[in-house]
Amino acid sequence: MTRLLTTLLLTVLCSWVHAEGLYLKVLNNTSLTTEQTQKSLKKVEEHKEVTLRGDLSVPPFHKRGQISDSLEHSFCTTCHMSPPHTKSERTRTFMNMHTQYIACETCHFRPENVQLSYQWQDTRDASLVRVKPELFRQVLKPEEKTKKTLPAKKVITKAAKGINPFYKISPYYQEQAVSLRNTDAFAQETKKMWQQDSRLDMKAERRALIHAPLSEKGPECKACHTDKDALLDLADLGATAYQMEKIQNNIISQFFARYKEKDQRIRIINLLQ
Amino acid sequence: MLRFLLLIVLLVLGHEQASANPRYSDPDGCLSCHAYEGLNYIDENGVMRSSTINRSHYASSLHGSVPCMDCHREVKDYPHKVENTEVDCSESCHIEEPSEGVKYSHDVIHEEMDKSVHAGGWYKGLTGGNRLEEIETEQDPSCRLCHSNTLYIAETQLVDFKKEFDHAETECGNCHQGKAWMGQFGGHILRRLVGRRWNNQENNQMCTDCHADVKKMRDVEQEDPDTLEKHPPSDRFVHSADSYAKTLHGRLIVDDSAYGASCIDCHSPDGWKHEIRSYKDPVSASHPDNLPETCGQSNCHGYTKKPGNEGFTLTDMHDVSLLGLTYMDKPFEVEAIRESKWFWSSWPLLLISLVFAISSAVWWLRFRNTKKIISIVGGDRFETVMIGRKSKAARKKPVAKKPAAKKAVKPSAKAEGEAKKTVATDKENLSSAATEPTDKQVEPVLKVDEAVAEKERPVETDKVNSELPKVDNDPNDKGA
């Protein structure tokens with residue numbers, strides 16, 4: 001009896017894992033307009049290939065952070081570089097920072113009138129990850145002062161530091177992963193088309209199709225860094241009350257809320273006020 | 001009274017401030033953003049940029065006491081303009097040099113750099129800025145090409161440092177009490193004692209990172225100090241690292257010896273080690289007139305300072321002529337060939353090779369059909385070991401002194417040839433002696449040989465039976 005139940009459960013799980021995600025379903029039902037195709041063709045024609053350079057012979061003066069390609073298994077990196085955000089001088093580094101723990105589709109695939117849920121996913125095999133506070137790579141508990149004279153020391157545990165970089169918050173629809181993996185047939189076909197010297201109009205059409213259900217601009221910082229109607233249910237994702245408070249009241253998201261124009265520069269002293 | 005008390009409080013606070021520069025915990029709030037991991041992006045040139053500053057590393061680094069804005073003074077708004085993030089290392093910091101309480105500055109190093117050969121290009125007050133721009137446009141090094149914000153005490157030396165630090169707290173603490181002293185002086189002194197990291201190999205590595213890159217050095221544009229005329233670099237300059245590596249100094253350092261002189265030891269022995277001048281500059285430590293002093297420093301070659309010993313300094317430490325012609329930019333130019341020691345030293349070798357080749361040819365022509373083994377070099381040993389003949393020395397012993405023993409005498413080819421001329425040899429006797437080696441039968445042979453021995457020394461043999469047929473190994477008499 002137990003064996004039978006286990007087999008059934010595994011079958012259900014496998015079919016659930018390999019079933020067609022919402023993103024691919026939307027792609028299959030998308031019919032492109034001429035305007036979309038033309039716009040895409042222009043983008044493809046104007047595209048300039050940027051080759052990633054190795055380390056520069058002049059080293060940086062300060063020790064910098066680790067650079068890991070945690071988007072390796074994402075379908076988006078078939079064409080986009082990793083880290084992908086390059087344009088906005090103000091937000092690119094912070095958005096790239098978020099790619100360490102948030103999947104591309106979480107921000108860029110937000111179809112109207114569809115209720116998505118968000119869960120931690122191992123992007124290597126699209127399996128679910130057991131929720132725990134360490135996944136947020138942050139201080140777990142409120143700071144405690146050990147000595148009156150010294151400031152409280154923020155402690156990020158070893159477990160939090162050692163979290164697998166491929167674990168990301170990903171969208172789910174009806175308990176099924178939305179994202180397309182780069183091993184799927186559609187992704188492979190796209191990769192082939194992109195790497196081979198295909199015709200520009202074919203590339204443009206594929207590009208238009210892929211981006212049709214996506215929004216170029218992701219949500220504002222406040223969509224998540226707020227305690228009211230946040231896009232992500234942090235408690236459900238395993239955050240402690242302390243972590244939730246820190247994320248919701250994040251000072252940088254408050255800085256960014258002050259920018260009203262695209263190329264605006266604000267004096268830091270004013271940001272700190 | 002109140003004023004007096006206030007003054008005392010201010011003095012005490014002021015003294016505390018002067019004697020103990022506390023490690024700032026980011027007073028400008030820069031690490032509110034920059035401490036986040038993963039603040040990376042790829043710029044339009046394909047360079048991966050990182051805005052993350054490792055907080056704990058920074059706090060434990062040489063500049064851990066220096067607030068960010070002390071160096072990045074122009075960063076006033078966000079997003080930061082690249083040009084505003086540049087740093088002038090020669091500016092004084094807000095931290096104070098603890099012994100005298102004056103604001104710390106790299107200005108002395110700035111002054112040295114200003115006089116050096118490295119001052120020409122990337123020189124915006126020892127500025128940092130865009131690294132790619134620096135690589136693509138400037139040939140002279142900036143501060144950060146050689147220096148980075150390293151840990152105050154390297155992790156590998158932390159155990160030793162802690163041990164020494166505990167020791168110093170008890171020993172030095174008898175007189176110098178207080179954590180401020182230990183923090184400012186104790187740590188600093190011990191870093192110099194325990195934390196000294198750079199040996200001569202590492203010093204040289206820093207220089208050869210650039211100077212051993214031949215392609216990079218060929219792109220350098222040199223300037224004549226007198227006429228200020230620009231010219232392409234000489235082979236001597238381009239191959240300075242290669243030529244140095246061939247000297248005893250270079251080889252000693254590669255071998256991890258403490259006795260080899262590093263690049264800096266000769267090119268900038270004094271001061272803050274940054275005043276590297278051209279050897280043509282009369283003030284330069286490597287100028288020929290100053291070499292006795294430079295070579296004689298620290299008792300390295302002290303005798304060079306004495307009059308009459310200057311000749312020692314004529315040893316060229318960057319002798320390009322020692323390098324192979326393949327190193328040269330234009331190896332087939334007359335000048336390059338004429339200066340090459342390899343070229344000149346190849347002449348005697350060529351001559352010897354020619355003599356050897358001609359001799360071999362003549363030898364082959366003359367003796368190609370000769371079966372006789374001619375003893376030139378090793379011939380005697382060959383005959384002794386391989387054929388079983390007696391050595392020359394043994395052959396020289398007079399036969400007459402030996403009793404006419406049972407042993408048969410093996411006449412040498414030459415002796416036999418002589419014997420043929422002087423005595424009629426009975427071949428039948430020989431053959432019968434070979435088959436029945438009795439005393440009587442051997443006698444006639446001995447007699448023949450004794451006669452020969454007067455003119456040529458006979459050869460004895462232990463193996464009569466086997467050797468006799470080999471007696472005449474030169475039937476055509478070509479070896480005679």
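## Chain B domains and a helix pair in chain A

In chain B, 56% of the contacts with a separation of 6 or more are made by residues 24 or more positions apart. The model is a predicted one, and the predictor assigns the complex an ipTM of 0.89 and a pTM of 0.73.

**Make-up of chain B.** The chain has 480 residues, of which 18% count as buried. Its secondary structure consists of 24 helices and seven strands. Three domains are assigned to chain B, with the bounds listed below.

| Domain of chain B | Residues |
|---|---|
| Domain 1 | 15–149 |
| Domain 2 | 200–323 |
| Domain 3 | 399–470 |

**Domain 1 against domain 2.** Taken over C-alpha atoms, the centres of domain 1 and domain 2 of chain B are 30 Å apart. Each side brings residues to the contact: 12 from domain 1 of chain B and 12 from domain 2 of chain B. On the side of domain 1 that touches domain 2, helix α5 of chain B (residues 107–115) gives the most, with five residues. By residue class, that side of domain 1 of chain B holds six nonpolar, four polar and two charged residues.

**Confidence in chain B.** The average pLDDT of chain B is 76, and 73% of the residues score at least 70. Two stretches should be read with their scores in view. Residues 4–21 of chain B have a pLDDT below 50, and in the model this stretch has 11 contacts beyond near neighbours in sequence.

**A helix pair in chain A.** Two packed helices are described by the angle between their axes and the distance between the axes. In chain A, helix α7 (residues 185–195) packs with helix α8 (residues 200–211) at an angle of about 145°. The axes of α7(A) and α8(A) lie 10 Å apart, and the crossing of this pair is left-handed. From α7(A), the residues T190(A), M193(A) and W194(A) take part in the contact, meeting M202(A), K203(A) and R206(A) of α8(A). The residues of this contact divide into three nonpolar, one polar and two charged.

Conventions: Residues are numbered from 1 along each chain as its sequence is written. Chains are lettered from A and ligands numbered from 1 in the order in which they are written. This is a predicted model: local features need pLDDT of at least 70, side-chain atom pairs count only at pLDDT 80 or more; totals for chains, interfaces and linings use all residues. Domain bounds come from an automatic or database domain assignment. Two residues are in contact if their C-beta atoms, placed from the backbone, lie within 7 Å. Helices (H or I, at least four residues) and strands (E, at least two) are DSSP runs, numbered from the N terminus. Ala, Val, Leu, Ile, Met, Phe, Trp, Tyr, Cys and Pro count as nonpolar, Asp, Glu, Lys and Arg as charged, and the others, Gly among them, as polar. A residue is buried if 20 or more other C-beta atoms lie within 10 Å of its own, exposed if 12 or fewer, and partly exposed in between; C-beta atoms are placed from the backbone. pLDDT is the predictor's confidence in each residue, from 0 to 100. Axes are lines fitted to C-alpha atoms, for helices over the stretch in contact, and angles run from 0 to 180 degrees between N-to-C directions. A crossing is left-handed if the near helix is turned anticlockwise from the far one by less than a right angle, and right-handed if clockwise.
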